[in-house]
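Open the model in your viewer and get ready to select residues by chain and number. The tour below goes stop by stop.

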Amino acid sequence: MSVSNEAASPAGPSHFRAIVRNPYSVLPNWVYPAFVAVALSAFAVYSIWVVFLNNGGRYGPYLSPFYSPEITLRLGDFLIPPALWVAWAPLAFRGTCYYYRKAYFRSFFWHPRSCAVPEPRNRPGSYRGETGFWALNNLHRYALYAITVQMAFLWYDVAAQFLYRGSFHVGLGSLLMLVNVVCLSGYTFGCHALRHLAGGSQDCFSCNRARFALWKGVTVLNVRHDRWAWVSLFTVVLTDVYIRLLMLGVLPHGTWA
Amino acid sequence: MTVSISPLKLSVFRGEADRGEMVAYSVPVREGMVVLDAVLWAQANLAPDLAVRWNCKAAKCGSCAAEVNGFPRLLCKSPVDDYAGEISVRPMAAFPLIRDLVTDVSWNYEVNKRIPEFTPPEADQHDPEPWRMQQVDVDRVIEFRKCIECFLCQDVCHVLRNHGRTDAYFGPRFMVRMASLEMHPKDGLDRRPLLKGDAGVGFCNITKCCQEVCPEHIHITDNAIIPLKERTADAYFDPIRALTRRLGRRSAG
């Protein structure tokens, strides 16, 4: 019996290129990656608008997550957009995140769009995965270090707004900021790189019970890393939009603040 | 045993790599039927020369790996009830075809030989006492040992399937094997140079299709490939670790 030297796909005859039905849903398998592409693009456009075209995110006790920590620096009369000092950290963290890598490789690059489907043609042997330029994703742990510092500021902001001007204060914005920081913590502290640093790098779990306990704790969050990633993305936008509407006077003063 | 009223329309790839076609068979549906049952019914009653590999029919041998409606699956673990309308069955697309549903998966065994086997440190090799492992350490590597070598993960991996980079990447199955060795508390070898080099862990871009198709539900990406990527990053991509290693060597020297 003869054996062909070539794999059945993509080098094989065209009759192998089956229509791949979505095994999880009646929806076509391009719908989910299209949704991801639209949602991430919308977030990117909104973030660019906030970072480059706005100079503040504080309303009374509330501070938008885009501006935490608040850094005001002027070059002559020009105010460097304060969010610029903040935005690079979440951009680096999410851009190198193991979940978002799956999301953007599937949605924007179609490598692959969905499982077992054909891909845009590359020159044979040219695909390099996360070697070459994308090897920068291996620096994810450094983005984790930066975002951990930022998380401390975000938790401080939540605590500070509860104690606004020396007395206890609570409003809808307080709850939004609290939910946002909880979701961001769930996302940040379920990070795969943190899981490795916490205890995953060990070969012997039983040799260091404290690190094993840490690893287990991170794993609890890690198994839903994708959901934390999405929820926290939405809570960041929601919190910012709420504070911005207060700043613009769209929502009435006093009632909501 | 009940027989349903409407028979199943089963479409099976017949032929070899250079010539082949989808052939339709009408198969009576029985309660609890899986796609392998339908294929074997067609083989027994309509097409005695239909080539299909199978063995245990219990999702434990991995022999009946193929593609149902274009998606890699074990035929014996695919209930007919899960599919509406016609069911198409094709061979695994990532491997050279022998005939009909049978592919040549021998490349995988050649790759396997390139992975250094379990090697305890010198002191442990001559330890007369039985080794003791804590359950938490056993649990971690036992997940990887559940692999039945069906090679569905290799089939669905786009690096191998769509880009044909068998020259550069060992594939998810062998990332799992290397994880089982690297994370074993009694193994003393460092396979990170192999991982970064010939094994090509950097070629994986974390799209998790391998994890989706694994019939043993091994968390291939989360528990094997990503931890191996992080270990490789420790050795090759972390500038602070590289600096501390260099300073450590200098002070030791």
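This is a predicted model: local features need pLDDT of at least 70, side-chain atom pairs count only at pLDDT 80 or more; totals for chains, interfaces and linings use all residues.

Two strands count as paired if DSSP finds at least two bridges between them.

**Stop 1: a strand and its neighbours**

Select residues 8-15 of chain B, which form strand β1. Is this strand enclosed or open? Seven of its eight residues are buried, so β1(B) is largely enclosed by the rest of the structure.

Together β1(B) and β2(B) make a hairpin, with four residues between them. To see one bridge, pick B:Lys9; its partner in β2(B) is B:Ser26.

Next, select residues 87-90 of chain B, strand β5. Here the pairing with β1(B) is parallel, over three bridges. Which residue of β5(B) stands opposite B:Leu10? Look for B:Ile87.

**Stop 2: two crossing helices**

Move to chain A. Select helix α1, residues 31-53, and helix α8, residues 225-248. Their axes come within 12 Å and cross at roughly 35 degrees. The crossing is left-handed.

Show side chains at the contact. From α1(A), the contributors include A:Tyr32, A:Phe43 and A:Trp49. From α8(A), they include A:Trp230, A:Leu233, A:Asp240 and A:Arg244. Colour the whole contact by class: 12 residues are nonpolar, two are charged and none is polar.

Definitions and conventions:
Residues are numbered from 1 along each chain as its sequence is written. Chains are lettered from A and ligands numbered from 1 in the order in which they are written. Side-chain values use heavy atoms; hydrogens and water are left out. Axes are lines fitted to C-alpha atoms, for helices over the stretch in contact, and angles run from 0 to 180 degrees between N-to-C directions. A crossing is left-handed if the near helix is turned anticlockwise from the far one by less than a right angle, and right-handed if clockwise. Contact means heavy atoms within 4.5 Å. Ala, Val, Leu, Ile, Met, Phe, Trp, Tyr, Cys and Pro count as nonpolar, Asp, Glu, Lys and Arg as charged, and the others, Gly among them, as polar. Buried means under 20% relative accessible area, exposed over 50%, partly exposed in between (1.4 Å probe, protein chains only).
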